[in-house]
Amino acid sequence: MRRLNRKKTLNLMKELDAFPKVPESYVETTASGGTVSLIAFTTIAFLTIMEFTVYRDTWMKYEYEVDKDFTSKLRINIDITVAMRCQYVGADVLDLAETMVASADGLIYEPLFFVLLLHTFILVCVIFRMLQLIQSRLQEEHSLQDVIFKSAFKSASTALPPREDNSLQSPDACRIHGHLYVNKVAGNFHITVGKAIPHPRGHAHLAALVSHESYNFSHRIDHLSFGELIPGIINPLDGTEKIASDHNQMFQYFITVVPTKLHTYKISAETHQFSVTERERVINHAAGSHGVSGIFMKYDISSLMVTVTEEHMPFWQFLVRLCGIIGGIFSTTGILHGFGRFVAEVIFCRFRLGSYRSASVPLPDGHTSNHLPLITDNSTH
């Protein structure tokens, strides 16, 4: 009884077989079929390699939401060299809440030479030129930013070589570097003549003792960023160099800061991206150009926060796409091969029928017949 039930089960399974086997004696192989198979296998191999490359690659997903964190402090990372002596310049921050953050809270004034030694100058020029090229490409091709996010922490692209100065002369420039913590509201970081002193309505700079002839706000921005310092991330102002054409000249940078959460397979950090607009002009009160000589960076905090997440194709999706490629290639090549054979057979059949022509031959009884076989060119009359 069990053997009978097992036999019925096997017969039922055979009837449900969706892949019936054809005996080899009924299979006909042709040269055209082999050619099409070779093309199909080559195409499948090429597309499989390309699909595996896509599977290994990652992409950045951008999500936007309202930034609800207004109580924390914003870190500003600064590394700027000004072509004036340290005792003549002062740097500080004043925000819209009239809160003043002095440079003594985290900035270092380092005397040095604005004009570098030859070998250091060459290295700095190469690094600055590379940064400027990257910045120009970032403005044209935004997908390059994804590559920079992925390669974060691989190398510190903005790191400058150690500086060597001529100790026989007194330094003529000042490097202001370090970081400051400010409120997350719009503010103004500026470097101008004289040290800053508190004031009931803001602050003031002691510039009366500095001669106008010594004003020179030519500067190099080695690094400027907001938030957590991430090596390898290139910021818009990194590598910027400005040369003043007049003693009384104002350089303005209008910055929009966007809070950013970065989550990749290498790092997870909270930083800030920013965009910048530059402007410079000569202060001439007689011509109606009013203001104060110096370097002014006016920043504003965006209310939107961007979350950048690195994503990867799931393995199951890779398998589904791979099965679609293999099945689609086999089906398409089979259809094309069958259609090609059909067209070839139709053309050859017409050609064969056209090679036959009728001929009238007298019969012994006096009648004629028009149904004789093919008469070739070698036939004799």
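Predicted model: local features only at pLDDT ≥ 70, side-chain atom pairs only at ≥ 80, totals over all residues.

Guide: The structure holds nine aromatic pairs.

Visitor: Why is the pair of Tyr-55 and Phe-315 called edge-to-face?

Guide: The ring centres of Tyr-55 and Phe-315 are 6.2 Å apart and their planes stand at 65 degrees.

Visitor: What makes Tyr-55 and Phe-315 a tie between parts of the chain?

Guide: Tyr-55 belongs to helix H2 (residues 31-56) and Phe-315 to helix H5 (residues 315-354), so the pair ties together parts that are 260 residues apart in sequence.

Visitor: Why is the pair of Phe-315 and Phe-318 called tilted?

Guide: The centres of Phe-315 and Phe-318 are 6.2 Å apart, with 40 degrees between the planes. Planes under 30 degrees apart would count as stacked and those over 60 as edge-to-face, so this pair is tilted. Phe-315 and Phe-318 are three residues apart in helix H5, and are therefore separated by about one helical turn. An α-helix has 3.6 residues a turn, so residues three or four places apart point the same way. Phe-318 is buried, because its relative accessible area of 8% is under 20%.

Visitor: How do you know that the span of H2 is close to the expected one?

Guide: H2 has 26 residues and reaches 38 Å from its first C-alpha to its last, against 38 Å expected at 1.5 Å a residue. The buried residues of H2 are Gly-33, Ala-40, Ile-44, Glu-51 and Tyr-55.

Visitor: What follows H2, and how is Asp-57 placed there?

Guide: Asp-57 lies in the loop between H2 and S1. Asp-57 has 43% relative accessibility, which is between 20% and 50%, so Asp-57 counts as partly exposed. The C-alpha atoms of Asp-57 and Met-313 are separated by 8.0 Å, although these residues are 256 residues apart along the chain.

Visitor: Why is the contact of Lys-184 and Asp-67 called a salt bridge?

Guide: The N to O distance between the side chains of Lys-184 and Asp-67 is 3.1 Å. A salt bridge requires a distance within 4 Å, so the term applies. Lys-184 lies in the loop between strand S6 (173-183) and strand S7 (187-193), and Asp-67 in the loop between strand S1 (58-66) and strand S2 (73-82), so the pair ties together parts that are 117 residues apart in sequence. Lys-184 is buried, because its relative accessible area of 10% is under 20%. Asp-67, at 4% relative accessibility, also counts as buried. A search of the whole structure finds nine salt bridges.

Visitor: What makes Arg-175 and Asp-79 a salt bridge?

Guide: The closest N and O atoms of Arg-175 and Asp-79 are 2.9 Å apart, and this lies within 4 Å, so the pair qualifies. Arg-175 is in strand S6 and Asp-79 in strand S2, so the pair ties together parts that are 96 residues apart in sequence. Both Arg-175 and Asp-79 are buried.

Visitor: How do you know that Lys-242 and Glu-278 form a salt bridge?

Guide: Their closest N and O atoms are 2.9 Å apart, which is within 4 Å, so Lys-242 and Glu-278 meet the condition. This pair links distant parts of the chain, with Lys-242 in strand S11 (residues 240-242) and Glu-278 in strand S13 (residues 268-282), 36 residues apart. Glu-278 has a relative accessible area of 40%, and since this is between 20% and 50%, Glu-278 is partly exposed. A network of salt bridges links Lys-61, Glu-63 and Glu-311.

Note on methods: Residues numbered from 1 in each chain as written. Heavy atoms only, no water. Phe/Tyr/Trp six-rings, centres within 6.5 Å; stacked < 30°, edge-to-face > 60°. Helix = DSSP H or I, 4+ residues; strand = E, 2+ residues; numbered from the N terminus. Buried < 20%, exposed > 50% of the residue type's maximum accessible area, 1.4 Å probe, protein only. Expected span 1.5 Å × (residues − 1).
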